[in-house]
Amino acid sequence: MPVTPLDEHCWAIDTPASTYVIRVEVDPATGEAAPAQMYWGPRLSTDAARELSVREARRHVTSFSAPTEVEELLPVDGGARWGSPSLQVSFGHARSVELRFAGAGVHDEGGGARRLDLTLADAHHPFEVVLSVRAHEDTDVIERWTTVRHLPDQAGEPVTVTRLDSANWFVPDQSAYRYSGVFGAWAEEFQLQRAPLPVGELVFTSRQGITSHQANPWIMIDAGEAGEEHGEVWGVALAWSGSWRLTTTHRPEGGVSVSAGFGHDGVRWTLEPGQELTGPPALGLYSSGGFGAASRAWHEYARRHVLPTPGEERPVLYNSWEATTFAVTESGQLALAKTAASLGVELFVIDDGWFGVRDDDTTSLGDWWPHRERFPAGLRGMLDGIRDLGMRVGLWVEPEMVSADSDLYRAHPDWILHLENRRRDEKRNQLVLNFARQDVRDWALDWLDRLVTELGLDYFKWDMNRPFTQAGWPEQGAAQDRVWIEHTRNVYHVMDRLRERHPGLRIESCSGGGGRVDLGILRRTDEVWPSDNTDAKDRQQIQDGFSQLYPASTMSAWVTDSPNVTTGRAMPLRYRFHVAMAGVLGIGGDLPEWSPEELSEAADLIAQYKSVRRVIQHGAQFRLAGTPGQERSAVQYVLDDQVVALVYNPLGNAKRGPRRLRLTGLDPDALYEVVLGGDAGEGRPGRLAHGSRWHGSALMAAGIRPAAWEPIGADYRSDLVAFRRVSR
Ligand code: DGJ
């Protein structure tokens with residue numbers, strides 16, 4: 001029973017390990033209703049929750065501040081409030097919302113999920129707000145979203161929404177506050193930052209029409225004391241792939257809240273009578289087991305409630321981009337495919353360059369037919385050749401884009417995002433198609449659908465290489481701001497319809513690397529490309545930031561050439577493989593240039609990966625020790641009886657970093673046998689020999705000395721060690 005009414009204005013929402021208590025507070029003097037959070041923390045009994053269902057006067061109220069608004073579920077711009085509003089609406093020329101409580105409903109959604117809807121109505125205008133809260137029996141992640149409605153009325157006064165956050169989450173009072181999040185840029189996405197939370201408003205945002213490289217829509221807050229495996233952490237994430245804003249308010253009077261929602265800053269969304277607008281899910285998670293447990297809870301939530309194909313093992317793929325860039329030819333791809341197949345690759349993806357007259361990035365986006373000079377007879381021959389080698393096939397596409405030099409743009413110059421009397425700036429020589437338009441959306445669905453059908457495709461890599469600029473839709477007049485939301489909705493629509501029509505189709509989300517990674521896109525994509533930076537050392541940091549929220553089964557990771565094309569850094573093949581094995585292993589190198597020894601080592605490593613990938617992709621992930629890419633570090637995965645650890649040492653004889661690797665999450669009383677790796681220490685007593693058996697308690701309390709962590713040796717050493725629980 002995840003939703004329990006405590007009285008007619010108060011509910012306790014229970015998850016397996018947390019409780020969230022909310023009350024619709026009604027001001028006896030004014031009648032204004034303000035739903036507020038009374039509690040969010042460890043699971044409580046219903047009786048205990050009831051004790052917390054009455055608000056204490058815990059903040060200092062003066063005529064200059066309304067400090068309790070941080071505790072509201074959706075502080076509005078209206079009444080006596082001065083904080084950052086989660087909801088801002090104008091009626092005619094006046095911007096102000098005053099709400100009255102209009103009712104509540106609890107709905108059983110089946111599958112162990114229950115939803116509470118709180119309905120509030122404006123005191124004067126025909127306008128309604130519904131706050132929805134959903135809890136599942138099998139996750140501590142609570143889902144919230146908000147719907148606003150212009151009720152049918154005679155007057156027809158315009159209602160304009162300029163901010164609609166999905167939820168405001170209050171972080172219970174602590175002695176101190178620290179935040180964790182990720183920032184980044186192209187080729188350096190997902191850089192973890194963790195710092196004291198300043199008093200004021202901290203905004204993580206994207207104004208780009210995509211999730212962005214610069215920030216990712218989540219934050220975690222702790223009291224400054226949580227570690228990987230201990231301490232309380234409160235997290236908020238937004239499941240949305242367009243522009244977004246996540247505002248963390250740390251009030252001078254005390255109190256911290258996180259309000260999250262979609263839309264560009266100051267987006268104007270006009271609601272005609274009878275129309276409504278619903279935001280994407282804003283998700284809240286309380287965890288008492290530190291950042292590691294919080295990440296594992298997010299991963300498990302993604303597996304149970306977000307990913308379209310959570311049970312599958314993701315195939316080892318080959319991607320041609322770094323090897324051939326735009327020079328896609330049948331003979332070149334088949335040569336790559338032949339070697340890739342001999343290594344054990346299962347899915348071959350042809351990247352940019354197969355269509356239009358796409359010889360470089362100046363042309364042809366929008367002209368989605370086979371390159372006439374290179375593929376005069378179409379792509380069939382090449383794709384069949386790849387399939388004959390026993391691999392599935394995929395194609396790169398960039399459906400939301402058009403090159404100025406393309407037949408599509410010449411035919412439909414009005415199809416792009418643009419503003420009257422403003423420039424049409426190009427980035428990477430391309431313009432953004434206005435996917436909010438139904439004709440554009442339907443055109444994209446049509447050609448994508450035909451490609452899958454006619455070519456029997458198994459996979460799309462869906463790319464998006466430039467953010468929105470001059471984002472207008474002149475024909476829509478005052479309503480043109482809706483491109484900021486409808487574009488993303490229609491990207492979702494096209495992906496969803498494609499998947500419905502082609503249940504075997506798998507989709508990868510890419511946006512110049514990791515510009516579109518979030519829990520919204522992951523509802524309809526199977527994996528994502530986290531970064532164009534394939535340097536294994538840089539990648540370790542990127543992967544560490546990625547893993548804070550997203551599971552390894554979604555993280556595409558390729559082994560590419562050495563020296564790396566982006567950084568020029570040279571690194572052993574084994575290290576590159578071991579880093580890429582931490583997610584969905586792929587190969588992106590120029591294989592004909594690899595030596596026979598390298599190819600043979602690659603084939604062995606791919607076979608090893610396949611033997612443990614279920615554990616890596618679907619197991620519980622533990623970030624064990626050390627700063628990834630900087631010093632000795634390791635990441636571990638546990639699934640049922642199997643344990644896999646990937647161990648790294650980028651700096652040969654550095655004295656920094658941990659010396660012994662203490663595993664986590666094992667059964668202390670069970671025996672674990674080394675089934676893979678550990679070869680360097682074989683025969684030497686006390687070392688990690690293949691076939692040796694260890695108690696879970698010993699592996700966790702004293703740890704092991706992996707060969708790669710021996711103090712003296714070359715740079716970039718790494719190990720893959722796997723154990724199997726053999727007895728209890
Ligand atoms: C950007 C992607 O991140 C790359 O992997 C590659 O697909 C290029 N686009 C192709 O233009």
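This is a predicted model: local features need pLDDT of at least 70, side-chain atom pairs count only at pLDDT 80 or more; totals for chains, interfaces and linings use all residues.
How much space lies in the second largest pocket? About 440 Å³.

Sorted by class, the lining has nine nonpolar, five polar and seven charged residues.

Now turn to the largest pocket. Its volume is about 540 Å³. The lining holds 27 residues. Look to the centre of this pocket and you find Trp186, Trp321, Asn465, Gly512 and Asp532 as the closest of them. By class, this lining has 10 nonpolar, nine polar and eight charged residues.

The largest pocket is also where the ligand sits. Around the ligand are 13 residues. Asp351, Asp352, Lys461, Asp463 and Asp532 come nearest. The shell counts four nonpolar, three polar and six charged residues.

Next, zoom in on single atoms. An N or O atom in the side chain of Asp532 is 2.4 Å from an oxygen atom of the ligand. For Asp352, a side-chain N or O atom is 2.6 Å from a ligand oxygen. Lys461 places a polar side-chain atom 2.7 Å from an oxygen atom of the ligand. How much of the ligand does the protein bury? Taken alone, the ligand exposes 290 Å², and the protein buries 98% of that.

Methods. Residues are numbered from 1 along each chain as its sequence is written. Side-chain values use heavy atoms; hydrogens and water are left out. A residue is near a molecule or strand if one of its heavy atoms lies within 4 Å of it. A polar contact is a pair of N or O atoms within 3.5 Å; within protein, one must be able to donate a hydrogen and the other to accept it, and residues adjacent in sequence count only if both atoms are side-chain atoms. Accessible areas come from the Shrake-Rupley method with a 1.4 Å probe; for residues, only the protein chains shown count as cover. On a 1 Å grid over the protein atoms alone, a cavity is a set of points where a 1.4 Å probe fits but cannot get out, and a pocket is an open set with protein on both sides within 12 Å along at least five of seven lines; lining residues have an atom within 4 Å of a point. A molecule sits in a cavity or pocket if more than half of its atoms lie within 2 Å of its grid points. Ala, Val, Leu, Ile, Met, Phe, Trp, Tyr, Cys and Pro count as nonpolar, Asp, Glu, Lys and Arg as charged, and the others, Gly among them, as polar. Grid points are joined across faces, edges and corners, and a volume is the space filled by probe spheres set on the points.
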